[in-house]
Amino acid sequence: MMLWSSALLVLLGPSGPLWAQRPPTVFVDLDLSPEQRWEHLQEAFNTDLMKKAAQILISSQVPNWLHKATSPIVMSLEKHIPQPYAGEIRGIASMMKMNLADVVILNFAYEFTAYCTSIVAQDENGNIYHGRNFDFPHSVLRNLTMNVVFFKNGEPAYFGTSLAGYVGLWTGMSPYKFTVSGNQRGKTVWSNWWKNVVSAVFVHNFPVSWLVRVTLEEAKDFEDAVTRLSKTPLITGVYYIVGGVRAGEGVVITRDQKGPADIWPLEPLNGGWYRVQTNFDHWLPPPKRVNRRLVVSQIRKKLDAVGQNRICMDKLYQASSEEVMRVTAHFMNMWINIIMEHFSPGSVSSPVEKHLIVSPSPPPSTCL
């Protein structure tokens, strides 16, 4: 018998589900050359739709001067952007028949879109639950959302949820090991995202979503993942929320560019059986102008009312989604339940289908 993790991804609007079907699933074969890996995007998305959505995002968010500044980077892409990401970006541009500079810009623009709430919690039996929602800064992004299964040596290596044309991951799961979600840290303003491109291109720090992907692929376990996500230099601050497969394996890592500003682990024996992280440092009150001040307060009240002895997937879902729906019209929920489940994996398709469950209704009840 083996351990696996199950996930639920639901996109909701102010009056209910916006999707009644699963978002597209894209399979990426890591054994192929980087330029070939994302060819399946053409099967999941209409390339004309992808180009249109990308152009809308770029034209609305990218300063005109940045197109000119990007040209030297594109001329020597591999010098400024490490492999395999340079090759993957080049392959995506070719497949979408887009200007390479635009795809480079699009990938860095995506780096600063993770306005969200993440929760990691532990029930009385030691089962870990990890959930997150994603507030789209631009409504066009919801049409580009996809699940991704990364294969290596013919087997699923790790899973993620991402945006078409983007080589990074903000949400992912390494089977039998850990889950991770990333939240943008409040210091970074969406309209000024481009200022951090300099750090990535010329200082060679990691974009936050690329580090998630590297960690999913290379980390041996929860502790290894936490170490990598804590210490690797980044282009900007971020919150990494990590869940494991054993009791106590849950943590919120507050990152500066050079290292951790704070490590906030689960402490179930001392009443800290859950952690709620939005886009502001948990030890400080959110700015008064930000409506997430109320969101966090209400989520905590609901979780406290449920209690560790009754927490389950549907109650966790209800505590978060109901409050977020009150303050934003565009958000996505991904729930990653690391509760131990026994099954015979059989063919490769079995665990893939078990992980990628998308429904217009809340998660199946796990409550007694």
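Which residues of helix 5 are buried? They are Tyr85, Ala86, Gly87, Glu88, Ile89, Gly91, Ile92, Ala93, Met95 and Met96, where buried means under 20% relative accessible area, exposed over 50%, and partly exposed in between (1.4 Å probe, protein chains only). Keep in mind that this is a predicted model, so local features need pLDDT of at least 70 and side-chain atom pairs count only at pLDDT 80 or more, while totals for chains, interfaces and linings use all residues. Residues are numbered from 1 along each chain as its sequence is written, and side-chain values use heavy atoms, with hydrogens and water left out.

View 1. Helix 5 covers residues 85-96; helices (H or I, at least four residues) and strands (E, at least two) are DSSP runs, numbered from the N terminus. Ten of its twelve residues are buried, so the rest of the structure largely encloses helix 5. The peptide bond from glutamine 83 to proline 84 is cis, with omega near 5°. Just after helix 5, lysine 97 takes a positive phi of about 55°. For background, most residues other than glycine have a negative phi, and most peptide bonds are trans.

**View 2. Stacked rings.** Searching the whole structure turns up five aromatic pairs. Rings of Phe, Tyr and Trp (its six-membered ring) pair if their centres lie within 6.5 Å; planes under 30 degrees apart count as stacked, over 60 as edge-to-face and the rest as tilted. One of the pairs is tyrosine 85 with tryptophan 210, stacked at 4.5 Å centre to centre with 15° between the planes. Tyrosine 85 lies in helix 5 and tryptophan 210 in helix 8 (residues 208-218), so this pair ties together parts that are 125 residues apart in sequence. Phenylalanine 150 and tyrosine 158 are stacked too, because their ring centres are 4.4 Å apart and their planes at 15°. Trp38, Phe150 and Tyr158 form one aromatic cluster.

**View 3. Two loops with a positive phi.** Asparagine 153 belongs to the loop between strand 6 (145-152) and strand 7 (155-163). Its phi is positive, about 55°, although asparagine 153 is not a glycine, and at 66% relative accessibility it counts as exposed. Tyrosine 176, in the loop between strand 8 (171-174) and strand 9 (178-184), has a phi near 70°. With a relative accessible area of 36%, tyrosine 176 is partly exposed.

Methods: The expected span of a helix is 1.5 Å times one less than its number of residues.
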